[in-house]
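Subject: A structure for you to explore

Hello,

Here is the structure I promised to pass on to you.

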Amino acid sequence: MDTSIHRALMEVLTQFGDEYIIDGVVHKSRVIQDLYSYKDRLIEKLLENDTIKTHFTKSINGHIVVLVNKLIEVFEMDEYFSDSYTKYSKKIGLTTNGEFIGERTDVVLDFPYKDTVLKASMSKEDTDKDDLKPDEPFLNEIIAKEEIDVLFDKKIFINAKKYDEHGERDIDTFSEADNLIIKGNNLLALHSLLDRYRGKIKLIYIDPPYNTGSDSFKYNDAFSRSTWLTFMKNRLEVARELLADDGSIYVQLDYNQVHYAKVLMDEIFGEENFQREIIWRIGWVSGYKTAVNNFIRNHDTILFYSKNADNLFFNKLYIENEQFKNLVSKDDIKKLVKEVGIAEEKVNDIYRFINYENRPERYPLEDVWNANEYDDLNSIAIVSFSGESVSKMLGTEELKGQKAEKLLERIIASSTNEGDIVLDFFMGTGTTQAVAHKMNRRYIGIEQMDYINTITVPRLKKVIEGEQSGISKSVNWQGGGSFVYVELMEKNRGFLKAVRDAKDHNELYDVFRFMLEEADIDFRVDLEKVKETLPELSLVEQKRTLIRIIDKNQLYYNYSEIDDANVRDLISDSDYQFNKSFYEKNGDLS
């Protein structure tokens with residue numbers, strides 16, 4: 001059916017290139033998803049079209065209200081868009097409470113852990129060890145769309161420092177060539193990067209929480225699979241906006257969630273952009289040989305997607321055939337056959353049989369890694385007990401789940417060239433950034449946990465000094481380079497940390513009293529009721545309650561507040577100038 005509404009909608013969607021229209025076919029699920037989330041650019045373009053404005057908006061007290069539900073109904077009607085993407089009632093996908101995950105607008109904020117790096121283990125036997133059990137509950141909150149006001153506004157950066165071969169120093173400007181490390185909630189940090197980095201990240205690699213039940217997620221029975229998927233959806237949607245048109249994203253998981261994540265990523269990135277399911281043989285880790293009564297699990301899965309399959313940048317890698325360098329020549333065969341008394345005319349037959357000349361000098365890299373005699377990619381087991389280990393480099397306790405530098409080297413070499421930008425927003429101990437640094441790529445890392453200052457930053461300082469673990473020798477790393485470190489300026493986030501760290505009821509009550517004086521409390525909360533019922537709850541439930549009542553729109557200070565007198569006094573002059581430089585001088589990053 002060709003109507004004025006249909007033509008107007010097609011006119012708008014065409015302006016986005018292949019974001020919504022692929023080979024002439026409307027990607028309805030993506031359009032519907034972005035309408036549900038009120039994606040700014042899409043809504044702005046729709047409002048610019050007079051036909052759409054007439055049929056799908058209404059004026060209330062001088063304000064324009066977009067009738068999103070009516071727009072969504074249009075895209076769900078086969079009469080308007082008769083293509084391979086069917087109407088809502090025929091859709092297949094992940095759902096929770098009758099609603100498709102891909103169309104949920106809820107936001108899951110994680111407090112306080114991305115915890116697979118330090119406390120998640122590789123087997124039940126490891127989990128049962130007291131020294132690996134998390135000693136804090138995983139506290140998170142799901143926020144409905146209508147409760148979000150300024151949550152995703154750009155945040156103020158503080159404590160801006162630059163690290164290079166001369167040490168550490170405060171800085172007041174941000175250079176296009178700077179590597180960037182951010183401490184803070186990764187979802188909010190990602191939104192703070194959008195204006196400067198949208199469409200400019202060549203590679204994203206993440207090793208998110210696996211939600212195995214053996215990491216800290218098990219302490220929150222509300223962190224169900226659907227909640228985990230919403231948690232991932234929030235972040236992957238922003239990640240897609242940051243990716244360059246020829247960019248790639250690699251998401252590493254295990255069997256617990258990888259197949260659900262695949263369906264989610266098909267919705268966000270499009271099935272046509274799925275490239276490979278990579279299997280990484282992780283090697284035997286303590287407990288694997290005896291902890292299970294069937295086949296021993298020995299791999300992780302890495303989902304590899306492109307932003308745009310037609311424009312995907314990819315360097316095809318090969319494994320060198322070391323045996324080829326020591327092949328037997330015809331002369332060698334002649335000597336051999338003479339010694340054993342074989343007729344000389346048989347030499348050519350023997351040579352053809354051995355067929356050394358036709359054997360390849362190198363093998364194209366397959367999608368199963370560290371699983372054949374030619375592939376020297378390190379496993380987790382090797383990393384944990386080798387000189388590559390970060391714990392040995394820094395003299396800290398053994399860190400579980402650390403990835404091999406060779407693993408990241410392979411991914412970075414496949415999907416970037418020197419100077420390209422690599423992003424890892426579940427930074428952990430900083431393996432992605434360390435490898436990117438040694439390979440002369442620019443990088444961005446985001447980590448919320450405090451160990452960013454005791455493990456991650458010290459590790460990157462060692463890289464600058466020229467440490468020789470991991471891939472250093474193979475890439476002839478001699479040291480050098482620099483990175484910039486910043487923190488999101490905490491507001492209510494400081495109270496969340498205080499709630500988390502409270503050791504008993506008395507300490508938590510002191511935090512609550514301070515919150516009543518200084519924190520931004522959700523205006524809908526009945527504080528008198530909270531005061532009355534709080535003493536009846538367990539310590540964990542008290543923590544959850546206090547986290548619930550904090551206004552999540554005020555976790556960190558927004559950049560829009562930087563010139564307010566009460567905020568400006570809290571920021572150093574150098575940090576003030578750094579923020580102006582970062583947000584208001586968005587030069588070309590190429």
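**Two helices side by side**

The axes of helix α2 (residues 28–36) and helix α5 (residues 68–75) come within 10 Å and cross at roughly 175°. That makes α2 roughly antiparallel to α5, a label used for angles over 145 degrees. Axes here are lines fitted to C-alpha atoms, for helices over the stretch in contact, and angles run from 0 to 180 degrees between N-to-C directions. Helices (H or I, at least four residues) and strands (E, at least two) are DSSP runs, numbered from the N terminus.

Before going on, please keep in mind that this is a predicted model, where local features need pLDDT of at least 70 and side-chain atom pairs count only at pLDDT 80 or more, while totals for chains, interfaces and linings use all residues. Residues are numbered from 1 along each chain as its sequence is written, and side-chain values use heavy atoms, with hydrogens and water left out.

Which residues of α2 and α5 meet? From α2 they are K28, V31, I32, L35 and Y36, and from α5 they are V68, L71, I72 and F75 (contact means heavy atoms within 4.5 Å). By class, this contact has 8 nonpolar, no polar and 1 charged residues. Ala, Val, Leu, Ile, Met, Phe, Trp, Tyr, Cys and Pro count as nonpolar, Asp, Glu, Lys and Arg as charged, and the others, Gly among them, as polar.

**The sheet**

Next, find the open sheet of 11 strands, whose order is β10-β9-β21-β11-β20-β19-β12-β13-β15-β14-β18, with mixed pairing. Two strands pair if DSSP finds at least two bridges between them. At the edges are β10 (167–170) and β18 (368–369), each of which pairs on one side only. Strand β9 (residues 157–164) joins β10 in the antiparallel sense over 4 bridges, and K162 stands opposite R169 in β10.

Now move to strand β15 (residues 299–306). Strand β13 (residues 243–253) runs antiparallel to β15 and is joined to it by 6 bridges, with Q252 opposite I302. Strand β14 (residues 274–281) is also antiparallel to β15, through 7 bridges, and W280 stands opposite D300. In β15, 7 of the 8 residues are buried, so the strand is largely enclosed by the rest of the structure. Buried means under 20% relative accessible area, exposed over 50%, and partly exposed in between (1.4 Å probe, protein chains only).

**Helix α7 on the sheet**

Helix α7 (residues 186–197) lies across several strands, among them β9, β11 (180–183) and β20 (442–447), and runs at about 150° to β20. How many of the 12 residues of α7 are buried? The count is 11, including L187, H191 and R196. N185 caps the N-terminal end of α7, with a side-chain oxygen 3.0 Å from the backbone nitrogen of L187. Just after α7, G199 takes a positive phi of about 75°.

**Two residues to look up**

R235 sits in helix α8 (residues 225–242). Is R235 buried or exposed? With a relative accessibility of 1%, R235 counts as buried. A polar atom of its side chain lies 2.9 Å from the backbone oxygen of F231.

E541, in helix α20 (residues 539–549), is partly exposed, with a relative accessible area of 31%. The side chains of E541 and R544 are joined by a polar contact of 2.9 Å (a pair of N or O atoms within 3.5 Å; within protein, one must be able to donate a hydrogen and the other to accept it, and residues adjacent in sequence count only if both atoms are side-chain atoms).

Enjoy exploring!

Notes
Angles under 35 degrees count as roughly parallel, over 145 as roughly antiparallel, 65 to 115 as roughly perpendicular and the rest as oblique.
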